Amino acid sequence: MRETWVVGAAQNRFGKMKESAREAATRVSMEAIRQAGLEPKDIGYTFVSNCFGFAEHQGHLGPLINSGLGIPHVPSATVESACSSSSAGLHEAFVHVAGGFADAALVVGVEKVSHLDTLTATSYFAVGADYPFETKNGATFPGLYATLASAYAQQFGTRPEMFGAVAIKNHANASRNPHAHFQKEITMDTYLSSPIIASPLRLYDCCPFSDGAAAVVVAAKEFVKSPVTEPLVVRASARAGSVTDMHDRPDLLGLPATRLASEKAYRQAQLEPKDIDFVEVHDCFTIAEVLAVEDLGFFPKGSGTHGAVEGITARDGKIPVNPSGGLKAKGHPVGATGAGQVVEVFEQMNGLATGREVPKAQVALTHNVGATGGSCSVHIFSRR
Ligand SMILES: CC(C)(COP(=O)(O)OP(=O)(O)OC[C@H]1O[C@@H](n2cnc3c(N)ncnc32)[C@H](O)[C@@H]1OP(=O)(O)O)[C@@H](O)C(=O)NCCC(=O)NCCS
């Protein structure tokens with residue numbers, strides 16, 4: 001395998017986009033390619049992630065984006081893996097570049113849903129669950145993650161304030177991130193007085209519906225003679241799956257796909273959790289961050305909330321978690337989320353995360369989950 005680098009990464013502000021998904025994706029792709037010191041003609045393959053193109057009557061974005069970049073002849077593929085779509089796209093790009101099938105590849109994720117009302121967006125998003133067993137019977141993602149939160153709280157005696165600490169931390173981080181959907185801090189009072197969405201989850205336990213676009217350029221070390229940015233060396237690109245429907249799982253106290261993907265990633269990188277300086281995890285709901293930090297090996301089972309409660313996962317803590325603000329507050333434009341996590345790592349390692357720097361940014365991990373854990377990607381990056 002060839003040593004593979006992330007040489008460019010760009011995104012727009014998550015939240016509400018005026019432009020179409022196609023326009024936003026093309027624009028951030030161009031920014032990422034320029035940032036890498038490359039030109040569109042250097043791209044050998046484009047991987048596009050966009051789950052809800054039908055909301056704009058537009059699928060098959062790859063050739064449209066490539067045409068906008070002036071490279072219509074370049075092959076493209078849509079990579080869909082629910083909320084983990086663009087990290088799955090990154091994995092495909094890694095395989096192509098490391099395996100010698102392309103010297104440089106573009107990964108771009110985009111979503112535009114802000115023109116939909118909450119009910120419609122909720123029903124669209126629910127297609128990522130198991131239709132006959134879950135969605136058809138009224139399950140939605142807030143409901144499914146509320147089931148995980150209930151099981152966890154019942155087993156470990158978790159109080160609302162402990163989930164609230166995760167939300168407060170992530171809103172504080174997002175308040176320093178110009179890319180974030182929500183750029184305001186919240187207090188425990190705000191958290192506790194917010195409405196219940198799906199018991200026990202409150203408004204501030206949930207990620208919002210966000211528009212957004214993010215792009216990452218991956219290239220072989222030997223292709224990038226003199227990098228113009230500090231490249232991220234891809235030390236591990238691992239994916240795993242698990243049964244989608246929750247009733248078939250042995251327990252609801254973790255996501256098996258996270259455990260499997262992270263075990264593979266640590267093995268590939270020959271690193272352990274103690275070697276990681278900071279992480280971006282998939283916190284679509286606060287319970288998801290709690291489960292992630294346990295399943296990734298940073299906290300023992302049952303103590304994942306301690307990270308936020310005791311400041312260990314704060315931006316200046318021992319293991320910063322979601323310095324970007326995470327899905328909770330930076331936002332969750334499904335197709336763009338995984339690529340957006342890499343943008344945060346890229347900015348942290350390139351001194352571009354002004355005002356929200358983590359104390360040490362040498363080795364980072366990103367964790368991106370599809371639905372309630374049917375799929376998961378874990379990537380590990382380091383400086384050269
Ligand atoms: C939580 C949720 C139901 C709120 O939707 P809603 O009640 O229709 O809220 P609205 O869009 O009407 O917004 C009302 C206010 O709350 C804010 N808001 C909306 N969602 C928010 C969230 N998740 N966190 C914080 N604030 C939120 C809005 O900005 C708005 O604020 P304003 O009045 O100051 O402008 C919705 O955001 C949701 O379903 N989120 C989960 C999305 C999801 O499942 N994604 C997939 C995960 S796997």
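Let's start with the largest pocket: about 600 Å³ of space lies in it. A pocket here is an open set of points on a 1 Å grid over the protein atoms alone, where a 1.4 Å probe fits, with protein on both sides within 12 Å along at least five of seven lines. The volume is the space filled by probe spheres set on those points.

This is a predicted model, where local features need pLDDT of at least 70, side-chain atom pairs count only at pLDDT 80 or more, and totals for linings use all residues. Residues are numbered from 1 along each chain, and side-chain values use heavy atoms, without hydrogens and water.

Back to the largest pocket. Helix 4 (118-125) and helix 5 (141-156) each supply at least two lining residues. Helices are DSSP runs of H or I, at least four residues long. The lining divides into 21 nonpolar, 5 polar and 3 charged residues.

Next, the second largest pocket. It holds about 170 Å³ of space. Among its lining residues are P273, K274, F298 and F299. That lining splits into 6 nonpolar, 1 polar and 2 charged.

Now two helices. How do the axes of helix 1 and helix 2 cross? They come within 9 Å and cross at roughly 50 degrees. The contact (heavy atoms within 4.5 Å) includes R22 and A25 of helix 1 and L61 and L64 of helix 2.

Conventions:
Axes fitted to C-alpha atoms, helices over the stretch in contact; angles between N-to-C directions. 1 Å grid on protein atoms, 1.4 Å probe; cavity = no way out; pocket = protein on both sides within 12 Å on 5 of 7 lines; lining within 4 Å. Nonpolar A, V, L, I, M, F, W, Y, C, P; charged D, E, K, R; others polar.
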